[in-house]
Amino acid sequence: MVENNQQNALEKRPEKFGIRMRRALFWVVQYWRELFNFKFDKYMIIQVLPGVYGIALVALACGLIYVCVEAFMASTWRGLFYFFFAAPLTFLVLASVLRALLEFYMVVFKISEHVDELVGLRDTVDRLSGIGDSVDEMVAVTRRIPFWRVLSSSPGKARSKKADQGEERKSA
């Protein structure tokens, strides 16, 4: 039974790997397709933001390693200073600024999506307010019909009005 479970697990791994590879390939193809889409009808940045962040961090690290190597070529003390102090501090500051900037972009795009939703909601409200106007017009028309008041009023209200009128006649 344990052997069956191990065999099933081994058989499932290639399937999961194949599915992941297909998804990754699909993502790459979609990325290139959207990258050269000159219509700008979709916000691509939201989908590729994690990749942009990763690429920017790798580029930042490579640049700082290059600066450290250059500093070691100039002087050992300068290289040690860059390697242990300047490069890590620079990486920390620039990675934080990059993260804040990308999060700001994400917030701006989410606000844009919400505004688009509100515009759609406003159109719906405008259409419904048009229905309200037509209902008000119908109420105005039905008020002119004499027997409509009797039909539209509830039986309890009609009786209480008749009772009030009867009491007024008796007291007069």
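Helices here are DSSP runs of H or I with at least four residues, numbered from the N terminus. With that in hand, the elements of this chain run α-α-α-α-α from the N terminus on. That makes five helices and zero strands. Keep in mind that we're looking at a predicted model.

Now for the overall picture. The chain has 172 residues, and 10% of them count as buried. Its accessible surface comes to about 15,000 Å², with 66% of that belonging to carbon and sulfur atoms. As for contacts with a separation of 6 or more, 50% of them come from residues 24 or more positions apart.

L35 has a relative accessibility of 36%, so it counts as partly exposed, the class between 20% and 50%.

Next, the rings. How many aromatic pairs does a search of the whole structure find? The search turns up five. For F81 and Y82, the ring centres are 6.0 Å apart and the planes sit at 80 degrees, so this pair is edge-to-face, a label that needs an angle over 60 degrees. F104 and Y105 also pair up, but tilted: 6.3 Å centre to centre, with 45 degrees between the planes. Here are those two, among the five, side by side:

| Pair | Centre to centre | Angle between planes | Geometry |
|---|---|---|---|
| F81 and Y82 | 6.0 Å | 80 degrees | edge-to-face |
| F104 and Y105 | 6.3 Å | 45 degrees | tilted |

F81 and Y82 also belong to one aromatic cluster together with F85.

F81 is partly exposed, with a relative accessible area of 45%. Y82 is partly exposed too, at 29%.

Which residue has its charged end over the ring of Y53? It's R99, and that charged end is 5.3 Å from the ring centre.

Methods:
Residues numbered from 1 in each chain as written. Predicted model: local features only at pLDDT ≥ 70, side-chain atom pairs only at ≥ 80, totals over all residues. Heavy atoms only, no water. Phe/Tyr/Trp six-rings, centres within 6.5 Å; stacked < 30°, edge-to-face > 60°. Buried < 20%, exposed > 50% of the residue type's maximum accessible area, 1.4 Å probe, protein only. Lys NZ or Arg CZ within 6 Å of the ring centre and 35° of its normal. Helix = DSSP H or I, 4+ residues; strand = E, 2+ residues; numbered from the N terminus. Contact = heavy atoms within 4.5 Å. Areas by Shrake-Rupley, 256 points an atom, 1.4 Å probe, with all protein chains shown as cover.
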